[in-house]
Amino acid sequence: MMRYIPVLPVNELKNKEHKVVLLNGKKIILFKTDGKITAISNTCPHKAGPLGDGKIESRPDGMYIVCPWHGWKYNLVTGKVPPGYEGQQAVFDTKIEDGMILVSENPIINPEKIEPKENPLQDLIDLQYQTSNSSLNILGISTTNMNKNLPRVSTSELVLDDALKYAKEKYGASTVLIKLRDLEFRHCEGYYSRNEQACTWPCSISEMDPNDGMNEIYRKMVLWADMVIIGSPIRWGNPSALYFKMIERLNCVQNQITLQDRILIKNKVVCFIITGGQDNIQNVAGQMSTFFTQLGFSLPPFAFMGWSRGWIAEDMENNATLFSKSRYVKRSVKDLVDNSLKTLRQIKGDICIDINSPQPKLSESLNI
Ligand code: FES
């Protein structure tokens, strides 16, 4: 026979209210809707978010609680996710006796984890790397923005293109160029700031939207590339806004180190191409270098090539012409590729190297 446990005086739960209470030391949520009391588990079956902190939403098919971490919804009575989706929260039986709400000791409906049958992100979840001791896969990422219908010359993109061609011709590398402006992807929505466990690999946004353009970056950067070349213009002394939009979404890569002690980026080299009409190359290079080493990338000696014409060069229309005449640009892009590939070769020579991360771990977050 099912055992029932008293959890709350009945007069402490008002109509349209919900409360988190303890049942044998585990959190459950009590709801009172139209005078009826229901109970479901507080731990979201998705990534264990605290459902009880969520808001109640009225839908045509019933009342739902919305998980505050990634927005999954569960019916207050049946525990089911909305029609058309799969997933189920644990549901407990309730009754009232002697002014107390009693809840069944065990669920009358068990939870079902939300797992798509064929997960389009399975290769990312399983970390199906496409690199080997001998692979030479080079990913170029242009972070320049422009109107696709009114294209213009991008100096950083010109030289990025040259770098990839040179690597292909001289070293037989496989190359891919991704222009961030061609990808549609959402900004980081800051799940990490709510709770570090809410920032997942692959990104929570990727799970919500497998067509999100950042999935292409995750696949190519984490699984496919041996070497990444980032091209950026200088915008008010900083990398481009698209660059920042991308790296905020790479938080899920770095976060794996903090949360899981798992380094996703190993044996990879990154280098940078930074160009602009005006200056601040060192600042841009410094920012990029810091970020990418935090992910686990190695930097080659002389990790960037930079080109600018200085503070008073307001005649932007002359940039592309002067840029294409520059002997320094032609030479240094080759040096950049040569040095980066030499570094990659050194790393691959010792590909079993066990990389330790000195990054803070979640267990150290109390400043102990
Ligand atoms: S943890 Fe609840 S929706 Fe992700």
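**Notes on the predicted model**

1. Tyrosine 218 counts as buried, because its relative accessibility is 0% (buried is under 20% relative accessible area, exposed over 50%, partly exposed in between, with a 1.4 Å probe and protein chains only). This tyrosine 218 is found in helix H5; helices (H or I, at least four residues) and strands (E, at least two) are DSSP runs numbered from the N terminus. Its C-alpha atom is separated by 9.5 Å from that of arginine 249, 31 residues apart along the chain.

2. Some ground rules. This is a predicted model, where local features need pLDDT of at least 70 and side-chain atom pairs count only at pLDDT 80 or more, while totals for chains, interfaces and linings use all residues. Residues are numbered from 1 along each chain as its sequence is written, and side-chain values use heavy atoms, with hydrogens and water left out.

3. On to the core. The largest nonpolar core has 58 residues, and Ile217, Ile230, Met246, Leu250 and Phe292 touch the most other members. Two or more residues each come from strands E3 (26-33), E11 (137-142), E13 (227-233) and E14, and from helices H5 (214-224), H6 (241-249), H7 (251-260) and H8 (281-295). Domain 1 (4-104) and domain 2 (122-352) each give this core at least three residues. For the terms, a nonpolar core is a set of buried Ala, Val, Leu, Ile, Met, Phe, Trp, Tyr and Cys residues joined through side-chain atoms within 4.5 Å, and the domain bounds come from an automatic or database domain assignment.

4. Now the pocket. The largest pocket holds about 470 Å³ of space. Its lining has 22 residues, with Ile234, Arg235, Gly276, Gly277 and Met316 nearest the centre. Helix H2 (155-171), strand E14 (269-276) and helix H9 (319-325) each supply at least two of the lining residues. By class, the lining of the largest pocket has eight nonpolar, 10 polar and four charged residues (Ala, Val, Leu, Ile, Met, Phe, Trp, Tyr, Cys and Pro count as nonpolar, Asp, Glu, Lys and Arg as charged, and the others, Gly among them, as polar).

5. How pockets and cavities are found: on a 1 Å grid over the protein atoms alone, a cavity is a set of points where a 1.4 Å probe fits but cannot get out, whereas a pocket is an open set with protein on both sides within 12 Å along at least five of seven lines; lining residues have an atom within 4 Å of a point. Grid points are joined across faces, edges and corners, and a volume is the space filled by probe spheres set on the points.

6. There is one cavity of 30 Å³ or more, and the largest cavity has about 90 Å³ of space. Its lining includes Cys188, Cys199, Cys203, Cys252 and Arg249. Helices H3 (191-194), H4 (204-208), H6 and H7 each give two or more residues to this lining, which divides into seven nonpolar, three polar and two charged.

7. Tryptophan 201 and proline 202 are joined by a cis peptide bond, with omega about -10°; proline 202 is in the loop between H3 and H4. Leucine 127 has a positive phi near 50° without being a glycine, and is buried at 16% relative accessible area. Tryptophan 236, also not a glycine, has a positive phi of about 50°, but counts as exposed at 85% relative accessibility.
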